[in-house]
Amino acid sequence: MTEIVISEKEKEGETPFSPPFLATIKERYRLNLSGSDKETFHIVLDLQGSNIKYNVGDCLGIYPQNDPHSVSKLLILLGASGEEHIQDRKGDTYSLFEFLTFKASLLRIPEEKNDLQTFCSLLSPLLPRYYSIASAMDFVGHEAHLTVGLTKNSNETISPFGTCSHYLCYRAPVGEPKIAIFHKPSTQFYLPEEAMRAPIIMIGPGTGIAPFRGFMQQRMMQTGSSKSWLFFGERRGDTDFYYKDFWEHLVTQDQLRLTCAFSRSGSEKIYVQHKMREEGRELWEWIQKGAYVFVCGSIDMGKEVELTLQQLAEIHGMLSSSDSKIFIRNLRKSKKYLRDVY
Ligand SMILES: Cc1cc2nc3c(=O)[nH]c(=O)nc-3n(C[C@H](O)[C@H](O)[C@H](O)COP(=O)(O)OP(=O)(O)OC[C@H]3O[C@@H](n4cnc5c(N)ncnc54)[C@H](O)[C@@H]3O)c2cc1C
Ligand SMILES: NC(=O)c1ccc[n+]([C@@H]2O[C@H](COP(=O)([O-])OP(=O)(O)OC[C@H]3O[C@@H](n4cnc5c(N)ncnc54)[C@H](OP(=O)(O)O)[C@@H]3O)[C@@H](O)[C@H]2O)c1
């Protein structure tokens, strides 16, 4: 599971580090090329004027706003104008429109729509979402880069898209200081000082690639960095190869070994864990020589990658099944195996 800890106050919708900084989106573009069925965006936030000093591996918290179209749909359902007065849990007063836009999650709408105040009290607070920072401050200066995948809503809700990903990818204005953000330092997923001179193995399919762009930018700024190996996976190599030029440049400079698993480019599903097995002998050698292993991306992928690491310990390290589990546990305890899965 992810190492991000959400406090009770945050669950109630309180700003964890208040007030949030209002950042400007300097640049935003889609990373998938035309023909892709995914929508993943690169977003550059200007941090000038903030006190934010992040390390690679850290996250930004973003306060989303609900889509005005969804809010309007709900107002029609409620038979309300939006100008009605509503109190939040702290007793502060908002117009209904403001409350539904900034304060309430619209993912689950109560069936009962008695009086407006009761209805609003039944809505969950609109919480910030976390995004891995995809840059290194030493490399980009007062900017934070994000890699944001547009979430599509699985079940019938008031909006077809995820609240924050849709806000960041489409609705948040570019060039205006309006994005409410805060810095969430990571205590569990980071590039340790010792790892700067050690080999690193990074496993990051999909948006899990984000922190590793930061890791490699950091390593580029450092002399004497050891070797690095990235396992990236997405649907198709021709349309979904995020930051392809950056990785390929590093490969030509001999600063990176790159292994890709494109799940929908061929007739069979190929995932990062399949490629890890194919490269198992060498991967095991790297780990034996002290490589740090970092995994970022979906929870399911994280589980399968961990099983694969155990299998590599059994096949190439000749360990029994129980010893391979102990090996992975010790790797984790010694902070040589760090994960950020969500
Ligand atoms: C530490 C951390 C780092 C993260 N880094 C990134 C990143 O770099 N890039 C990125 O794109 N995202 C990242 N995420 C995920 C991100 O925080 C949001 O969860 C994601 O963008 C969806 O939020 P949303 O508001 O768009 O969707 P919501 O409005 O929260 O949800 C929309 C729909 O998707 C479903 N849903 C939401 N989240 C998940 C999930 N994780 N798995 C399955 N179904 C889900 C909901 O049930 C709902 O139906 C990270 C999460 C964490 C905890
Ligand atoms: N609920 C949502 O709609 C939603 C949307 C965005 C993000 N998220 C969350 O964020 C995570 C990252 O999403 P993302 O869009 O960046 O990438 P992703 O869904 O993790 O997909 C990236 C690559 O990983 C593959 N993959 C799927 N299951 C895998 C597994 N068990 N093991 C290894 N590889 C696997 C995908 O293949 P295939 O697609 O071909 O199977 C694809 O090639 C999600 O997994 C989810 O937790 C959820």
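What covers the buried residues of H11? The cover includes strand S9 (200-203), H9, helix H10 (280-288), strand S12 (292-297), helix H12 (321-333) and strand S13 (337-341), with contact taken as C-beta atoms, placed from the backbone, within 7 Å. Helices (H or I, at least four residues) and strands (E, at least two) are DSSP runs, numbered from the N terminus.

This is a predicted model, in which local features need pLDDT of at least 70 and side-chain atom pairs count only at pLDDT 80 or more, while totals for chains, interfaces and linings use all residues. Residues are numbered from 1 along each chain as its sequence is written, and chains are lettered from A and ligands numbered from 1 in the order in which they are written.

**View 1. The shell around ligand 2.** Ligand 2 is surrounded by 22 residues, each with its C-beta atom, placed from the backbone, within 6 Å of the ligand. Gly 206, Thr 207, Ser 263, Ser 298 and Met 301 are the closest. At least two shell residues come from each of strand S10 (228-234), helix H9 (272-278) and helix H11 (299-315); H11 gives the most, with 4 residues. The shell has 6 nonpolar, 10 polar and 6 charged residues (nonpolar: Ala, Val, Leu, Ile, Met, Phe, Trp, Tyr, Cys and Pro; charged: Asp, Glu, Lys and Arg; polar: the others, Gly among them). Domain 1 (14-64 + 128-184) and domain 3 (193-341) each supply at least three residues, with bounds from an automatic or database domain assignment.

**View 2. The two sides of helix H11.** H11 has 17 residues and reaches 24 Å from its first C-alpha to its last, close to the expected 24 Å (1.5 Å times one less than the number of residues). Its buried residues (20 or more other C-beta atoms within 10 Å, placed from the backbone) are Met 301, Gly 302, Val 305, Thr 308, Leu 309, Leu 312 and Ala 313. These fall within an arc of 145° seen down the axis, so they line one face of H11; the arc is that of the directions from the helix axis to the C-beta atoms. Exposed residues (12 or fewer such neighbours) on the face turned away from the buried side are Ile 299, Asp 300 and Lys 303.

**View 3. Positive phi at Asp 254.** Asp 254 lies in the loop between helix H8 (244-252) and strand S11 (257-262). Its phi is near 65°, a positive value in a residue other than glycine. Asp 254 is exposed, with 8 other C-beta atoms within 10 Å.

**View 4. Positive phi at Lys 335.** The loop between H12 and S13 holds Lys 335, a residue other than glycine with a positive phi, near 60°. Lys 335 counts as partly exposed, with 13 C-beta neighbours inside 10 Å (partly exposed lies between the buried and exposed cut-offs).

Conventions. Two residues are in contact if their C-beta atoms, placed from the backbone, lie within 7 Å.
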